[in-house]
Amino acid sequence: MLFPKGGWEMDESKKEAALRETIEEAGVRGIVEGKLGKWRFKGKNYGYEGYMFPLLVQEQFEIWPERSVRQRTWMNVSEAREVCQQRWMKEALERLVDRLKGHKLDDVKELVVVGSVQCTGDANSD
């Protein structure tokens, strides 16, 4: 289980990068909402700093760039809580849930957490 995320280019904002990565990795496009927060996490070789955003999905593609290596799965919040293995992912999900409390959730059909990340050093960095 992962949230779509990836690095941002010098000519794009963090939100633009999050949207681009979501199209590439999950084959969806929508409205990137306000930042949920910033987390530090470790990849295979490097430490990363990631900014996570909710995305209100407006369009779902049948064909997308990484469809051969990624599977798109829709789930409810309870299911997502069970499969999030990383602490930072659970925190991002809970911030999204807290933000949505008090909103009329019947109007929200598909909302995902997306992010943009930047390498911050080797995997041993904090």
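## Salt bridges in this model

A salt bridge is a side-chain nitrogen of Lys or Arg within 4 Å of a carboxyl oxygen of Asp or Glu. Side chains of opposite charge can pair when their charged atoms come close. The structure is a predicted model, in which local features need pLDDT of at least 70 and side-chain atom pairs count only at pLDDT 80 or more. Side-chain values use heavy atoms, with hydrogens and water left out, and residues are numbered from 1 along each chain. A search of the whole structure finds 11 salt bridges.

## A pair between two strands

Lys 38 forms a salt bridge with Glu 49, and their closest N and O atoms are 3.6 Å apart. Because Lys 38 lies in strand S3 (residues 37-42) and Glu 49 in strand S4 (residues 46-60), the pair ties together parts that are 11 residues apart in sequence; strands here are DSSP runs (E, at least two residues) and helices are DSSP runs (H or I, at least four), numbered from the N terminus.

Lys 38 is partly exposed at 44% relative accessibility, whereas Glu 49 is buried at 13%; buried means under 20% relative accessible area, exposed over 50%, and partly exposed in between, with a 1.4 Å probe and protein chains only.

## Pairs that involve arginine

Arg 81 and Glu 94 meet in a salt bridge of 2.5 Å, N to O. This pair links distant parts of the chain, with Arg 81 in helix H2 (residues 77-83) and Glu 94 in helix H3 (residues 87-100), 13 residues apart. Arg 81 is partly exposed at 36% relative accessibility, and Glu 94 is partly exposed at 29%.
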